[in-house]
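Subject: The model we talked about

Hi,

Here is the structure I promised to pass on. Please open it alongside this note, and my findings follow below.

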Amino acid sequence: MWKRVVLSVVAVGLVSVAVALSGEDPHKVKLFDIPESDREKLEDYRQTWTRLTGFEYSGLHWNQFVVVYSDLGAQAYQTNYTQYIAWYEDPDEFDGMPDYVTYPRGTTILKENFSIVDGKPEKSLTVTAMIKREPGYDAENGDWEYLQFDAAGKVLLRGKGSDPNIDEQCASCHKHVAERDYIFAQVFSAPNRRAP
Ligand code: HEC
């Protein structure tokens, strides 16, 4: 009896040491509050979605550091990334355009945006996301909904690319890559990362 108690105490002790050594999973840290309206879909993106990039410098996303995630895995994004890079490195090899794919309905591509201080990401600023809605939602703009919210979970902007404000703030840029289904996919550095 006592032997068993001692053994279980030792076992519990070892587990605690292992947890302490492994440290806190950085993906459990909450950097952005999610708006109430999107909580069901977005709440656990850092733990359960596929992380597609490391911290990347984005000149066009307002000179911030960014990290990109997807809820439906890396497949379409990775394919388009690979096609784009192959074309970019050797455009003569392609007849016309590279063979890009479109994203399945329901896909959300989410990007965290951070300020930069001394070359390092510093503060959580906003989340920008694109959600692939049902066919006909905004057919001329790939049926994407654009969303941006701040670190406190306040929605700053949401809507279709055909809405003039969304066009000005987001879609006018993403239209340049309509053939890539409006997603640039030009950085890909953490294939298939999924937290345990
Ligand atoms: C000035 C051009 C520009 C504007 C405006 C812009 N984007 Fe982007 N966006 C890009 C570029 C370029 C990338 C890919 C490379 C990078 O991150 O710099 C990107 C990447 C993204 C990504 C990651 C998926 C991808 O395309 O690779 C999302 C999501 C996104 N933008 C959403 C938005 C939303 C939402 C807005 C409006 C609030 C917006 N963008 C405004 C140029 C822009």
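**What I found**

In the hairpin of strand 4 and strand 5, two residues lie between the strands, and Asp 118 takes a positive phi near 50 degrees. Strands (E, at least two residues) and helices (H or I, at least four) are DSSP runs numbered from the N terminus.

Please keep in mind that this is a predicted model: local features need pLDDT of at least 70, side-chain atom pairs count only at pLDDT 80 or more, and totals for chains, interfaces and linings use all residues. Residues are numbered from 1 along each chain as its sequence is written.

**Strand pairing**

Two strands pair if DSSP finds at least two bridges between them. Strand 4 and strand 5 are antiparallel, with nine bridges, and Thr 108 has Ile 131 of strand 5 as its bridge partner. Strand 5 also runs antiparallel to strand 6, joined by seven bridges; here Ala 129 stands opposite Leu 147. Strand 6 then pairs with strand 7 (residues 155-160), again in the antiparallel sense, over five bridges, and Phe 149 is partnered by Val 155. Four residues separate strand 6 and strand 7 in their hairpin, where Gly 153 in the turn has a positive phi of about 85 degrees.

**The core**

The largest nonpolar core has 32 residues, and Tyr 69, Ala 129, Met 130, Tyr 146 and Ile 183 have the most contacts inside it. By nonpolar core I mean a set of buried Ala, Val, Leu, Ile, Met, Phe, Trp, Tyr and Cys residues joined through C-beta atoms within 7 Å. Buried means 20 or more other C-beta atoms within 10 Å of the residue's own, exposed 12 or fewer, and partly exposed in between, with C-beta atoms placed from the backbone.

Helix 5 buries Ile 166, Cys 170, Ala 171 and His 174. Seen down the axis, these buried residues fall within an arc of 85 degrees (taken from the directions from the helix axis to the C-beta atoms), so they line one face of helix 5. Exposed Pro 164, Glu 168 and Ser 172 sit on the face turned away from that buried side.

Happy to talk it through.

Best wishes
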